[in-house]
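Visitor: I am new to this structure and would like to go through it place by place. Please show it to me, and then let me ask my questions.

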Amino acid sequence: MQFHHHGYVSTDPRILPAAGVGLDRPEELPDEIDVLIVGSGPAGIVAAAQLAQFPNVVTRIVERRDGRLVLGQADGIQARSVETFQAFEFAQQITQEAYQITETSFWTPDPAAPENIVRSATTPDDPNGISEFPHLIVNQARVIDYFAEYARRAPARGKVDYGWEFIGLEVGEGEYPVAVTLRRVDGYQGAGINTVAPEDADAGETRVVRAKYVVGADGARSTVRRSIGGSLSGDQAFHAWGVMDVLSVTDFPDIRKKCIIHSEAGSILHIPREGNHLCRIYVDLGEVDEHDGGKVRNTPLEAVIAQANAILHPYTLDVKNVAWHSVYEVAHRLTDRFDDAETSPDGTPRVFLMGDACHTHSAKAGQGMNVSMQDGWNLGWKLGYVLEGRSPESLLRTYSDERRVTAKNLIDFDKEWSTLMAKRPEEFASPSELEDFYVQTAEFPAGFMTLYTPSMLTGEATHQELATGFPIGKRFKSVMTTRVADAVDVHLGHHHRADGRYRIYAFADADATALDAWAEWMLQSEESPLRRFTPEGADLDAIFDVKAVYQQEHHGVAIERAPKVFLPPTGPFQLVDYEKIYAAKPGDDIFDARGISRGGAVVIVRPDQYVAHVLPLEATQELADFFAPLFLQR
C-alpha cells in the first residue's frame, strides 16, 4: 500500500482524500445526477464502488430498503471474485471471516446397502492452481458491506440513498436526458447504516431526478428493465429444491465439507457456511407438475428437513435453528437486452441492466452474485471514463456485447449442472459422471472462463505467442515476482487496484536494450499514450500504470539505471514511486510460468483486470494505434 506521497498520514491510509464531488457531497438526492444506480445488491454496489474512484462524476445509488441488507441469499464466492476483492482492498479481511472450500466430497448409494449413502470420492477444490486465492463462502450482506465501505473511503465518498423506490423513467434529450421518478417508501425510518436521507422525509413522497445514465441493478423483477421494454425469457425445469441455512447437530461426518450427495431418496448440495456452525443445504424435492402453479413453494420447512434426513440415511440431521429457508423451482432466463441502445434516440445507450435484472438461473453453481459483480465492474469504469472525458461514448456499447455473451455461457453451464444434480443414481452413465464433470469444468465455476473477443477494447491475438500464459481477453493471472527496490516478494497482479487505470506491463528482453528503447518512446514520443492521454498537470501514471519486469533476479537489476518512465514522480512533492520495477523470482520465474518470450513483450491490462493486448516491445505504432480509438486527446 502506498501513502504519504501527499504528506504524512497517521490515520487509516485506506481512506483516500476527498476530491471533486466528495468534498461537499449533498445529503439529499440532487436534481441532476451523472449516474443513477437502482439497487444496492452485488452488481449495483460494485458499480458504485468503482465510480466512487472518479471524483468528478456524480453517482447516486438508491435502494428501497431502509438500511443495509441483513440476510443475503447468495453466499458462494469464486476465486475470481476474491481477486476482485483484492483490487477493492478487502480480500484479506473477508477471507478471515469466510469459510474456505478446500475439497468436495461425493456421496452415493452404498452398493452393498443402497438405502444408505457412502463417501465415494473426494476432490481438491483447485487441483490445477487456477488462482492463488481460495474459494470462499460468506454471506452476501457482508460482501455488500465491504464494497459500501470502499465507496465511502473513495475520493467521491459514495453512499447509498435508502428508502427510495424506482417508479419509472423516460428518455428524452439534453444534458441529462433520463427523467427518473422515485417514491419515498412507506415505513422509511432514516436510521439504517449508511443511510443518506433526512429523518423527516415523508413516506409516499415522489420526485423526479434527471440523469445522464441509469443503471438497473434491481433484481429479477426489475422495474428498470420493464421501463425500457425489456423482458426475461427462457425455460423452467419443473424441478423443486428446498434451501435452508441451519444450525444442527448431526452424525454426518462431512458436515464441515462441501458435499454433493446422491441417494435413492434424492440429492443434496451441502455447503458449510462461515462461523463454523452454520450450513446451507439444498434439498431435492423432486419433479413438479407443470400445472402446479407455484404450489410447491408452500412446502413446509418440516417437509424439507424430513426429506434431507431421508437423503442422508443412515445419518441424521437434528435441526436446532433455521436462519432462512425457501423453496424454488429451477428456471433459466436471459434478458433480451442489456441496455436501451435499440430505442435510444441517437443509438447511445442511456439505461443499462445488470445482475439478476439480466440473468437468472439456479443457485447451486454459485454463479449469480459472482457474475453480477463482474457486470458492475465492467460497466462502472466505462461510465467513469466517458463521464470524465477520457473516452468516447462508443465505449459504452461494449458493455452489452461483452456481458451478454458471459451471461449466455453461464446459463448454458448451469443448465447442464442443474440437470446432473437432479439425476437419480441409476440415471448416470457411470458412477463418477458427476465427479468427472465437476473436475473437468472447474475453471468455469471458479470464474475464469470469461473470454472477451476482439473489439475496441480487446486486440487480436496476432502476437499471443509472446505471452501464451496471458491469453488476450481473459483475466490477468498473477505470478509472484520480486520488487527490486526493497527485495519484497509480491504477486504482480495484486497491485492492480480498482482505481480505473490501465496497466501496461513491459517484460524486458535479456539485456534490456529493447526495453530501454520502448521506455524512451513511452516517455518522449508524441504518439505515446502517456503523452497523448494523460491530462495536463496530472501525475505521469494517472491513467496508465506502467511497470517493468526484468528476467534477472532482483540483485541483477540496477535500479539507478532503470528508465525514468518506471520511476515516475508522484503527488505534490513529486516523490519517486519505487513500486514499478520487478524481477523474476528464482524458482518461480514469471517468464517461464506465463510463457513470456525471452525477447520481451508488452502486456496491456484493462482496469477490470482483463488482458487487452500482447505486443512486441518494438511494436510501438501498434501500441499507439490500439489506444487511439479508446481515449480522447487531452
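Visitor: Is A512 buried or exposed?
Guide: The relative accessible area of A512 is 9%. A residue under 20% relative accessible area is called buried, one over 50% exposed, and one in between partly exposed, with a 1.4 Å probe and protein chains only. With its 9%, A512 is therefore buried.

Visitor: What kind of model is this?
Guide: Residues are numbered from 1 along each chain as its sequence is written, and side-chain values use heavy atoms, with hydrogens and water left out. Local features need pLDDT of at least 70, side-chain atom pairs count only at pLDDT 80 or more, and totals for chains, interfaces and linings use all residues, since the model is predicted.

Visitor: Where is A512 placed, and what is its phi?
Guide: A512 is in the loop between β21 (502–507) and α10 (513–524), where helices (H or I, at least four residues) and strands (E, at least two) are DSSP runs numbered from the N terminus. Although A512 is not a glycine, its phi is positive, at about 65°.

Visitor: In which loop is N276?
Guide: N276 also carries a positive phi, near 80°, in a residue other than glycine. Its place is in the loop between β14 (266–272) and β15 (278–287).

Visitor: Which residue does a cis peptide bond join to P314?
Guide: P314 lies in the loop between α6 (301–312) and β16 (317–335). The cis peptide bond there has an omega of about 20°, and the partner of P314 in it is H313.

Visitor: Why is α1 called roughly parallel to α7?
Guide: Helix α1 (residues 42–51) packs against helix α7 (residues 368–387) with the axes 7 Å apart and at an angle of about 30°. Because of that angle, α1 is roughly parallel to α7; angles under 35 degrees count as roughly parallel, over 145 as roughly antiparallel, 65 to 115 as roughly perpendicular and the rest as oblique. Axes are lines fitted to C-alpha atoms, for helices over the stretch in contact, and the angles, from 0 to 180 degrees, are taken between N-to-C directions. The value to remember is about 30°.

Visitor: How many residues in the contact of α1 with α7 are nonpolar?
Guide: Contact means heavy atoms within 4.5 Å, and among the residues making it are V46 and L51 of α1 and M369 and W377 of α7. Ala, Val, Leu, Ile, Met, Phe, Trp, Tyr, Cys and Pro count as nonpolar, Asp, Glu, Lys and Arg as charged, and the others, Gly among them, as polar. By these classes the contact of α1 with α7 has no charged residues and five polar ones, while the nonpolar ones number 10.

Visitor: What is the distance between the axes of α1 and α4?
Guide: The contact between these helices includes I45 and A49 of α1 and I144 and F147 of α4. Helix α1 and helix α4 (residues 140–153) pack at an angle of about 15°, which means that α1 is roughly parallel to α4. Their axes are apart by 8 Å.

Visitor: How many salt bridges are found in the whole structure?
Guide: A salt bridge is a side-chain nitrogen of Lys or Arg within 4 Å of a carboxyl oxygen of Asp or Glu. E274 and R273 form one, with the closest N and O atoms 3.1 Å apart, and both E274 and R273 are buried. A search of the whole structure gives a number of 50.
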